[in-house]
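Student: I have a chain on the screen and would like to learn how to read its features. Could we go through them in turn?

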Amino acid sequence: MDASDSGANRPVEQDVAGSGVSPAARPTVQPATWPRYVLLPLLSASLALGLAHLPILSGLELLTFDLRMRLRPQPPRSEAIVYFDIDDAALLEHGMWPWPRDTIGAMLRLLTRAGARSILLDIEYSEPSRATVDLGATGADPVADLGRLEARLAAVRSAIESARTTTGTPVDAAGALEELELEARALGHALERGRQQHDLLLAAALGSAGIVHGVLHIDTDGPPGRSDLETRILGLLGQRPGATAGEAAGALGVALSVVEPQLERLRSEALCDAAARSVDAYPGKPVEWHMSRLLSGLSPQRMRPLRMALDALLERELSIAALMKRSGRHARLEDQLRLRDAHGVTPPLGALVRGFRALSFSNVTMDQDGVVRSVPLLWRARHGTLRQPGLMLALDWAGALDSELEVVEGPAIAFADRDGRRWEIPVDEQGDLLINWTRSVGGFPHYSAGGLRDALALESAHVENLRRLDSTGSGDRLSRLSSENPWWTSVAGRAPSSAADSAVVVELETIERVILSNAEEQLRMLARSAGRSLASTSGSGGDPRTVRRRERMTHIGQRLEFARRARRQLATAHDQVAALARDRVVLIGASATGLGDLAQTPYEKDHPGIGVHANVLNTILTQRHLRRAAPWVELALVLVLVTVSSVAILGTRLRVAASVSAGVFGAQLLVAQSALVRHGLWIPVVSPCLALALNSVVMLAYRYFSEYMERQQIERMFGYYLSREVIDQLKADPSRLRRGGQEVEITALFTDLAGFSTVSEQLTPQQVVEFINDYLGDCTEVLMEYQGTLERYEGDAIRAMFGAPVPQGDHAVRACHTSLAIQEVVRKLRERYRSTGGPELGMRIGLNTGRAVVGNIGARNRFNFTMMGDSVNLAARLEGANKFFGTAILIGETTFEAARHAIEAREVDRIRVAGRARALGIYELLARKGEATPQQLDRAAAYAEALALYRSRRFSDAARRFDEIDRQLGPDPTSKAMAVRSAEYVAMPPPEDWDGVYVLKGK
């Protein structure tokens, strides 16, 4: 090999080896592969995972979760849930909030009688009632007494002021003021007693129902930090609980004015803490025992101001300690969860605590955007592990209220119901349940609490009718019944009773039956008495006693009818309430404007707070739980996406890579949504999508710069050796560059202008150049439109290929369509030049499909991208064969078979060309599929018939038929040529072994 050989071809060999195309030259793992497929994708994945947990992007993940929740089908709804809402309509009709507590108690009684299975009262009653009750039944009228007291106080003040201004001497009003003070104390006691009656009536309703769950509030903020002085004072009080301010100042060495303001406050706090610790240590002891124990070290003067507050505190602490045996049990293995710690609780009043079936916390947690998507099921408190209302109601529904909860792997909270069936509730590491929200508050039976008050109003009206009917009777049985029934005395007299908390002694139905029975008996007695009176007076009719009896009969009859009507209305109302509440879990809450008990959900901005507990309960009862995917799922998904996108971007065309990336993106969203709908699994979508986007940007940038450098290298290396068209293709896809040629299947296209020499003689050289430019330019545009490869021009001829260097599965179809389009270009050029007196143009095209060698072929220092092979030569021979058959486009049988579904063609003949022993079937290309004219189709059908006659050696019939086609169906050079050949065979038949193949005698 000489020096020129080595120098000319070495760059080509180096490029091919470096491009990774040749299998022999490609190493197993190239060094450049690591940053492409490992380092850069890992960088994108790490960056995406880090950014996805920033607040703004984590908030975006929450929004996508809400959108997916709204797009999914609705989860099943338990038929066991119904709730009554104290909404704006209820307050507008029945008075502003807060409603009297005896009214709430009456609502609870009504629901209990209606057959409710359990009730959640989502209202915090942590302070005594501030409302008063009409105490008229006990002889007290606090409102009127308060008015009289204020008037007398104003009179005393006026007298004192008048004496000062007239005489200038003070007036001794001590006696009057002392009397007013006594009256004020009495009035205060009456008001306090009236307030307590509300709490007692509610407590009585809770106790008689036995199915009501209450709520308490958890204090999430820790105690404030104490100063050094406060710490020292608390230490002193722990050693000497009865120390005075002076003793404390002396012991601490601090001025009295500094110690005294803090001493009483800290003493009270210390006693409260001591009371809580005492109840924890001795939960079975009564209040008096704890009181004496805590106050034993204090003087009577210090004991009195603390006794009342400490008594209430101990009462509450003891009630909570007793209730926590059900409400706040520790969950077994709860240390496996990182439960939130309550710094304190605000429970209901001690009088109410005893009546609740169980207590649960009312707190809800919100995500960073204020939406409630999950709630803690457990909260660790001093008294035990508090439970969420939905969980508590589910336990009660399953008969497992006293069961022990267990934390199992998952994590999940597990328990066994009354039938031994095991329930598992998946939670996260903090014990939070992801709520499977229904679409709206209307997801469950939802009614205004005003309907319950309407039923109570009907009950009050019925009681009033019974009371009036009772007052008209004189039966001793009813009087005794009323006097023996404290509940009836309370309700009929519309005054609270101290015995109201002992439940109903005699039900309303029993009293109602007695009163109606007595009234009916009285009517019968009066009717008989009136009848006897009429008989004895022999029709006088004016007896005053008879008239009075009739009037009384009318009066009792009217009252009786009113009572019966009210009873029917009340029965209808009770039936309606029972239809709503029987065997269901009833939730009562307040969502009216201004009460603030609203929550934002994935579906609604203002969802009633009670609806949170309803949805938690529904999630547990239906066992359609949602879960967050484990962190490894997110990591695996991110890695898969960046790997697929990296391979697609670096290993395929950009259009394919974009399609793959879009498909992967859509598939990831579909998988996430399908996992949510089918399996309740929340798979993150923001971090994978972000990873896909970041990796696409990184990979595209890497590919752009890599390909830019590679294209620049190709431009420098092959700019002098290859045509611009081939260089552009190599720059677009350098992997197609192979040293030498490679055998592939292509469709070769050859064109030639008919009689170009004659055309050249009719035009000037300048016109010839312009004509060739127009012709070749238009034809090349068509060729490029169908993504053909222009091999070269040969004067007026065009050599092109389809299927190389870029593979095309439909290269035969493309070649056929290109040929038809080129003929249309020539037709337009022919018309244009004909109008200016130019030459008559005609074009012949030959197409053939087959294996050929395609590649860089040529001299050592000069080569071109070309095609070689027998199939290529056949295409050239078919182009020339058009002259023998008078056709415009001839295609080989392989091309016809590959493209027959997309073209219209007719079989012309079977020929054998010089230098080739094998015969070739040839077809005339007519049009695209479905675009042939009726004349073309008729001519093709007739030609097929004539061709069949020709091949069966019936040459005379064939000649006649071919001639008829030319004459009857329009000029057809092919039929005319075949008619001439058939006539020749008539005169001189072919040999007996003739196979119907025609041997071309020229090119």
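This is a predicted model: local features need pLDDT of at least 70, side-chain atom pairs count only at pLDDT 80 or more; totals for chains, interfaces and linings use all residues.

Student: How many helices and strands does the chain have?

Tutor: Helices (H or I, at least four residues) and strands (E, at least two) are DSSP runs, numbered from the N terminus. Here there are 32 helices and 27 strands.

Student: What share of the residues is buried?

Tutor: Buried means under 20% relative accessible area, exposed over 50%, and partly exposed in between, with a 1.4 Å probe and protein chains only. Of the 1003 residues in the chain, 47% are buried.

Student: What share of the contacts joins residues 24 or more positions apart?

Tutor: A contact is a pair of heavy atoms within 4.5 Å. Among contacts in the chain with a separation of 6 or more, 75% are between residues 24 or more positions apart. Gln 668 counts as buried because its relative accessibility is 4%. Neighbours within four places in sequence aside, Gln 668 touches Leu 637, Leu 641, Pro 684, Val 685, Pro 688 and Cys 689.

Student: Is Gln 968 buried or exposed?

Tutor: Gln 968 is in helix H31 (residues 955–968), and it counts as exposed because its relative accessibility is 55%.

Student: How many disulfides are there?

Tutor: A disulfide is a pair of cysteine sulfur atoms within 2.5 Å. The search of the whole structure finds zero.

Student: Which backbone angles deserve a look?

Tutor: Most residues other than glycine have a negative phi, and most peptide bonds are trans. The bond joining Trp 97 and Pro 98 is cis, with omega about 5°. Pro 98 sits in the loop between helix H4 (88–94) and helix H5 (101–113). Asp 583 is not a glycine, yet its phi is positive, about 60°; it lies in the loop between helix H19 (544–581) and strand S14 (585–590). Gln 787, also not a glycine, has a positive phi of about 60°. Its loop runs between helix H26 (765–785) and strand S20 (789–794), and it is partly exposed, with a relative accessible area of 48%.

Student: How many aromatic pairs does the structure hold?

Tutor: Rings of Phe, Tyr and Trp (its six-membered ring) pair if their centres lie within 6.5 Å; planes under 30 degrees apart count as stacked, over 60 as edge-to-face and the rest as tilted. The structure holds 14 such pairs. In one of them, Phe 65 and Trp 682 have ring centres 3.9 Å apart and planes at 20°, so the pair is stacked. Phe 65 lies in helix H3 (residues 55–71) and Trp 682 in strand S18 (residues 681–682), so this pair ties together parts 617 residues apart in sequence. Phe 65 and Trp 682 are both buried.

Student: Which residues form one aromatic cluster?

Tutor: Tyr 950, Phe 955, Tyr 985 and Trp 994 form one.

Definitions and conventions. Residues are numbered from 1 along each chain as its sequence is written. Side-chain values use heavy atoms; hydrogens and water are left out.
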